[in-house]
Amino acid sequence: MTTPATPATTATATAAAPVPPAAVHPRPVGRGRVATAYRWEVTKLAAQARTRATLAVCLLAPFVFVVLLDRQDRLPKDTLYGRWVHASGFATPLLILGFAAQWVFPLLTSLVAGDIFASEDQHGTWKTILTRSHSRSQIFWAKTLAAATFTTAVLTVLALSCLTAGVLLVGHQPLESLSGTLLPPGRAAGLVLAAWATALPPLLGFTALGIMLSVLTRSSPAGIVGPIILGLLMQLYAFLNGADTIRHLLLVTPFDAWHGLLAAHPYYGPLRDGTFVSVGYLVLCLAVAYTALRRRDITGG
Amino acid sequence: MTVAVPAVEASGLVKRFGARTAVDRVDLRVDVGEVYGILGPNGAGKTTFLRMLFGLIRPDAGTLRVFGRTWGEAGPRMLDGVAGFIESPRFYPYLSGRRNLNLLAGLDGGGAGSRIDAVLDVVDLAGRADDKVGGYSFGMRQRLGVAASLLRDPRLLVLDEPANGLDPAGIRDMRALVRRLAAGGLTVLLSSHNMDEVEEICDNVTIMRTGRVVYHGSIDQLRAQAPDPSHRLLTSDDAQALRLGGDHPAVSVSAHPDGGLVLRAQPADADAYILALGQAGVAVRALHLEVAPLESLFFMLTETDPAAGHDVPAQAQPDALTGAAS
């Protein structure tokens with residue numbers, strides 16, 4: 001039996017009509033489609049209760065933390081700036097910064113980054129998205145930018161909230177630098193914000209790590225918990241005084257880079273090295289995730 | 001001067017998954033304004049073909065043009081003017097139907113957002129639009145899938161087994177919806193494993209089996225070549241009824257494996273035979289249609305080995321059906 005597949009058969013059944021030269025509504029092209037997909041992803045994130053709850057916690061938790069600290073007689077003296085939390089409101093955000101680096105930052109970023117790709121697998125919505133004139137590359141970069149936006153938003157809200165809580169509830173007394181000199185309030189506020197800003201590169205590194213796990217595992221729990229566990233393992237390695245070379249390559253090490261800013265004679269080496277390490281994680285994780293998503297067989301989802 | 005560009009044009013399309021060839025040298029053309037069916041049993045390659053059409057997978061050989069553009073030439077812009085769903089449409093269950101459409105309209109750009117209320121009306125979901133999709137029935141999600149497709153103001157609507165999993169009322173509503181959309185001038189490409197559905201909705205059809213095209217042409221041509229309808233006949237005297245069948249050359253009467261008889265004939269010939277039974281004192285206790293003509297032809301085309309042409313009745317040979325050059 002032969003295969004009778006010739007266009008002529010259908011042409012006789014229905015006369016072909018002229019095709020309009022263009023769609024009625026012009027649609028964006030190239031980077032415009034990444035921007036469209038980015039807005040779509042951000043709108044979707046904003047509609048999720050988890051996203052809003054996370055930002056609300058970042059906004060309110062520092063105030064609760066400061067109130068609880070204020071009621072305690074014993075100070076967390078074993079933590080950097082712990083002994084000064086009653087002396088200056090600028091010490092509070094630095095204390096929280098040191099604490100958050102241990103596991104809070106990886107948790108906050110991976111809540112979105114670890115879920116942002118896997119949730120499409122969970123809901124089976126990949127085909128819904130990819131049948132709407134958007135390529136995998138465009139969706140990948142849109143989602144990555146959205147996750148990075150959330151990370152930046154979380155860090156910004158948390159930093160401003162910590163600073164506000166410290167200043168409002170403790171006061172704006174001068175802050176003692178790590179070298180023992182007193183920093184006036186204006187300078188202290190600037191350094192506190194700069195210290196928080198140094199957490200952005202490693203946080204983006206953790207975001208990329210969450211994205212990679214989200215793409216590879218297609219599982220939201222794995223994407224969310226994975227970066228936290230890896231972060232804790234890195235903390236453990238650093239705590240055990242492992243080899244310096246490896247310790248410098250850990251993604252948690254750059255979280256301490258702000259110490260150099262609070263010295264009487266600031267040093268920026270750790271900040272520079274930490275940024276390189278963070279960028280390394282960022283590029284490597286995104287490259288793996290991008291390649292995996294491009295090669296993925298979108299069938300079930 | 002405008003040029004008539006087909007909505008879909010596949011030429012020598014091949015897709016392999018390892019050693020298995022899911023789509024094997026498929027040629028297909030869907031003209032603008034047509035309602036076209038791709039019919040075949042599960043595993044025939046229909047969904048694989050649609051996945052290639054939507055750019056989810058790339059063909060290993062051959063070309064696939066949508067409104068004259070290939071994925072290689074246009075990338076995702078090939079899908080401008082195209083909408084639809086593959087398998088069942090999926091949405092974010094924690095959002096309402098309207099919110100889902102809002103999101104998708106944002107992804108589509110253009111004027112999609114302004115059409116949300118209109119498309120909800122078209123699919124008769126306006127009353128439940130603010131309920132979360134997680135609480136929708138399967139049929140409602142199918143209709144929301146059509147609404148999400150219409151948001152794109154498509155020129156080509158692609159539906160993969162749209163009535164699959166629906167109850168009889170849902171099937172009726174979905175077919176009516178597709179007919180309404182087609183009547184409005186939309187080009188529709190519909191895949192199905194249900195002959196009735198394709199016969200009811202489509203102008204032209206391609207029938208696939210194990211990745212290959214075994215027939216394509218108009219539904220009218222297919223109908224003209226279909227074998228006689230097959231009925232199950234129960235009588236008071238089957239032996240006498242069999243003998244009387246021999247006196248009526250236009251009918252075929254044989255024993256049914258589960259008891260009673262199988263009667264194959266055109267309606268007028270069957271009527272004459274039944275009257276003859278009555279005149280001979282043979283009571284007819286039951287007569288019901290077992291296999292509709294087109295369904296019967298569908299089984300012949302899709303359940304026989306394409307390499308063994310002698311298994312396919314002469315009237316079902318695709319060349320004879322379509323008059324097409326192979």
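A crossing is left-handed if the near helix is turned anticlockwise from the far one by less than a right angle, and right-handed if clockwise. The legends below use these terms for a predicted model.

**Figure 1. Helix 4 of chain A passes helix 9 of chain A in a left-handed crossing.** The view shows helix 4 (residues 91-100) and helix 9 (residues 185-197) of chain A, whose axes come within 10 Å and cross at roughly 15 degrees. Helix 4 of chain A is therefore roughly parallel to helix 9 of chain A, since angles under 35 degrees count as roughly parallel.

**Figure 2. Residues in the contact of helix 4 with helix 9 of chain A.** Helix 4 contributes Pro93(A), Leu94(A), Ile96(A) and Leu97(A), which meet Val192(A), Ala195(A) and Trp196(A) of helix 9. By class, this contact has seven nonpolar residues, with no polar and no charged ones.

**Figure 3. Helix 8 of chain A passes helix 13 of chain A in a right-handed crossing.** The axes of helix 8 (residues 136-169) and helix 13 (residues 269-295) of chain A cross at roughly 145 degrees and come within 10 Å. On helix 8, the contact residues are Arg136(A), Ser137(A), Phe140(A), Trp141(A) and Thr144(A). They meet Leu286(A), Ala289(A), Tyr290(A), Leu293(A), Arg294(A) and Arg295(A) in helix 13 of chain A. Six nonpolar, two polar and three charged residues make up this contact.

**Figure 4. Chain A, with 13 helices and two strands.** Of its 301 residues, 48% count as buried. The accessible surface of chain A comes to about 13300 Å², and 68% of that belongs to carbon and sulfur atoms. Among contacts in chain A with a separation of 6 or more, 77% join residues 24 or more positions apart.

Note on methods: Residues are numbered from 1 along each chain as its sequence is written. Chains are lettered from A and ligands numbered from 1 in the order in which they are written. This is a predicted model: local features need pLDDT of at least 70, side-chain atom pairs count only at pLDDT 80 or more; totals for chains, interfaces and linings use all residues. Side-chain values use heavy atoms; hydrogens and water are left out. Axes are lines fitted to C-alpha atoms, for helices over the stretch in contact, and angles run from 0 to 180 degrees between N-to-C directions. Helices (H or I, at least four residues) and strands (E, at least two) are DSSP runs, numbered from the N terminus. Angles under 35 degrees count as roughly parallel, over 145 as roughly antiparallel, 65 to 115 as roughly perpendicular and the rest as oblique. Contact means heavy atoms within 4.5 Å. Ala, Val, Leu, Ile, Met, Phe, Trp, Tyr, Cys and Pro count as nonpolar, Asp, Glu, Lys and Arg as charged, and the others, Gly among them, as polar. Buried means under 20% relative accessible area, exposed over 50%, partly exposed in between (1.4 Å probe, protein chains only). Accessible areas come from the Shrake-Rupley method with a 1.4 Å probe; for residues, only the protein chains shown count as cover.
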